[in-house]
Amino acid sequence: ADVGGGNIDSDPDCIWVKDRLINKYVAVSHGKWGPTKTAQLLMAAGYFYHRAKICWETNNHGVAVSIKVWEAQYPNVYKWDDKAETYKGMGFPTTEASRRLALAALKTVYENLNQPVQIPYVEFYREAAAFGPPAGKPDGKPEGQNGVPDDCMMGMAVTEACSASMGEPTRIETWTPSQPGSFGAIREMVSGGSRGGLKGVM
């Protein structure tokens, strides 16, 4: 996820869900939710997709997402610092170097003609067409130009950085879907069952 401020002047938040086995983005949440609801939506999507690993950009508003995910004890989180014992080790901190690596990971996947990534969301392509360094500054910071935001681009770059850290995906031969009332069941989670904290998300 790329996390925005959640107000009228903020860039939107963007959460992507990628099925790594079929190399396809299967869900997206895109809107001005703010960090609290973004954290809730991230965890809701994670539980729905079999406790998927979740990752978000931690700069600025993303710190609040880290705190919410830490408090809820979501069980499968990308960590930039495995030794950290608090929320401060969670998520994807964007520096000049890490941003460059994340965008390179996205570029590699996007340009792989042998196994093209599937992105069935038109807003991504609008942002991609406007993404790059400022005019006349080829070495400048690549970002959305001409008033076009880059939250879809950066959310996907973070997703690809997280995916790259996981190695090759492996197919699970069998799995048992959660039943209502069991740990991780979407009905229990959303209604604030034993996990709590997500009541009213859906």
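Is Phe124 buried or exposed? Please keep in mind that the model on display is a predicted one.

Phe124 has a relative accessible area of 2% and is therefore buried, since buried means under 20%.

The structure as a whole holds eight aromatic pairs. A pair of aromatic rings is described by the distance of the centres and the angle of the planes. I shall present two of the pairs in those terms.

Consider Trp16 and Tyr121. The centres of their rings lie 5.8 Å apart and the planes meet at 80°, so this pair is edge-to-face. Distant parts of the chain are linked here: Trp16 belongs to strand S1, residues 13-19, while Tyr121 sits in the loop between helix H3 (96-110) and helix H4 (122-129), and the two are 105 residues apart. As for accessibility, Trp16 is at 8% and so counts as buried. Tyr121, at 23%, counts as partly exposed.

The second pair brings us back to Phe124, whose partner is Tyr110. This pair is tilted, with 5.9 Å from centre to centre and 55° between the planes. Again distant parts of the chain are linked, with Tyr110 in helix H3 and Phe124 in helix H4, 14 residues apart. Tyr110 has a relative accessibility of 41% and therefore counts as partly exposed, whereas Phe124 is buried.

Finally, which residues form one aromatic cluster? They are Trp16, Tyr25, Tyr110, Tyr121, Phe124 and Tyr125. Both of the pairs I have described, Trp16 with Tyr121 and Tyr110 with Phe124, have their residues in that cluster.

Note on methods:
Residues are numbered from 1 along each chain as its sequence is written. This is a predicted model: local features need pLDDT of at least 70, side-chain atom pairs count only at pLDDT 80 or more; totals for chains, interfaces and linings use all residues. Side-chain values use heavy atoms; hydrogens and water are left out. Rings of Phe, Tyr and Trp (its six-membered ring) pair if their centres lie within 6.5 Å; planes under 30 degrees apart count as stacked, over 60 as edge-to-face and the rest as tilted. Helices (H or I, at least four residues) and strands (E, at least two) are DSSP runs, numbered from the N terminus. Buried means under 20% relative accessible area, exposed over 50%, partly exposed in between (1.4 Å probe, protein chains only).
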